[in-house]
Amino acid sequence: MASILISGAAGVSIPLIGTLLPLNGGLMRGAKAFAAGVILATGFVHMLSGGSQALSDPCLPEFPWKMFPFPEFFAMVAALLTLLADFMITGYYERKQEKMMNQSAESLGTHVSVMSDPSLESGFLRDQEDGRALHIVGMRAHAEHHRHSLSMGAEGFEALAKRSGVSGHGHGHGHGDVGLDSGVRHVVVSHILEMGIVSHSIIIGISLGVSHSPCTIRPLLLALSFHQFFEGFALGGCVAEARLTPRGSAMMAFFFAVTTPIGVAVGTAIASSYNSYSVAALVAEGVLDSLSAGILVYMALVDLIAADFLSKKMSVDFRVQVVSYCFLFLGAGMMSALAIWA
């Protein structure tokens, strides 16, 4: 339990510490490609094969488990449901973001109209003798800045939001946080990805916990430690790219790190009564592994690989292409090789 906990925690922490590096730097791009390869191999080589093995076990009845390719079907259903969840959650956050931007634009419009009122302007000018002239000039320049941004419509306001950062304009009016589309996507991706990884981690933890043979546990423990390290590195990269709050990032890292050790503890507690070849155990393991495979394959191909490898930055920079593809194949190859032992 301690070995797996330390391995998972180390893997998920390295990318989070690396958030000090620029996201578009070569090192971070290579790390993202490596993580995408790890997740893709985890879905295809580890989870889907594990689900197929469990649901084709001879201990299961002939009907219905031998009459239909259930593992592939469950993986397909999970991928489609992930697509639906991805679409709905992203749409919800984008509508929320658009509403906040509109409210901020209205607030800015009210502010500009107040600053354009001639009577107020003349009132301010009468107070120049009190030493407020410099303040008036600054406020008028501020109003002109907003007037120019609003004249460009939604694009202008979005540009203003980008210049000012996601936490508002920085001049104390409290317009609220304005999230950008890319930030929303990364947050959604990180949460769905953790859901897929954690469900698999519970299964492998229980499987290790119920094992009684030291000859089986020792090589499996070493393989699972590397397994957790690579999965944690992949998840940590996605969480780092989402730019969550330190508390949010720490909570996601904590839940990933402790899930497999908790599974080991549960497996150890029920080892005397648990039958890994019972129908219920085989069906639960096969269905969960197949669903997790569909989630991770979708996330790897659509939200990680396609999003980066089909981007304009990738298409115009040959050096970035070479580095990213090398790290992608390296991550997929190393994670696939672990299937020899676990």
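I started with contact range: 82% of the protein's contacts with a separation of 6 or more join residues 24 or more positions apart (contact means heavy atoms within 4.5 Å). Worth noting that this is a predicted model, where local features need pLDDT of at least 70, side-chain atom pairs count only at pLDDT 80 or more, and totals for chains, interfaces and linings use all residues. Numbering runs from 1 along each chain as its sequence is written, and side-chain values use heavy atoms, with hydrogens and water left out.

Next, the fold elements. I find 12 helices and 0 strands (DSSP runs numbered from the N terminus: H or I of at least four residues for helices, E of at least two for strands).

Then burial. Of 342 residues, 42% are buried (under 20% relative accessible area; exposed is over 50%, partly exposed in between; 1.4 Å probe, protein chains only).

I looked up Glu-194, which sits in helix 7 (residues 181-209). Glu-194 is buried without a salt bridge, and Arg-247, the nearest side chain of opposite charge, is 13 Å away.

Last, Met-76, in helix 3 (residues 70-115). I get a relative accessible area of 45%, so Met-76 is partly exposed.

Definitions and conventions
Lys, Arg positive; Asp, Glu negative; His and termini not counted. Salt bridge = Lys/Arg side-chain N within 4 Å of Asp/Glu carboxyl O.
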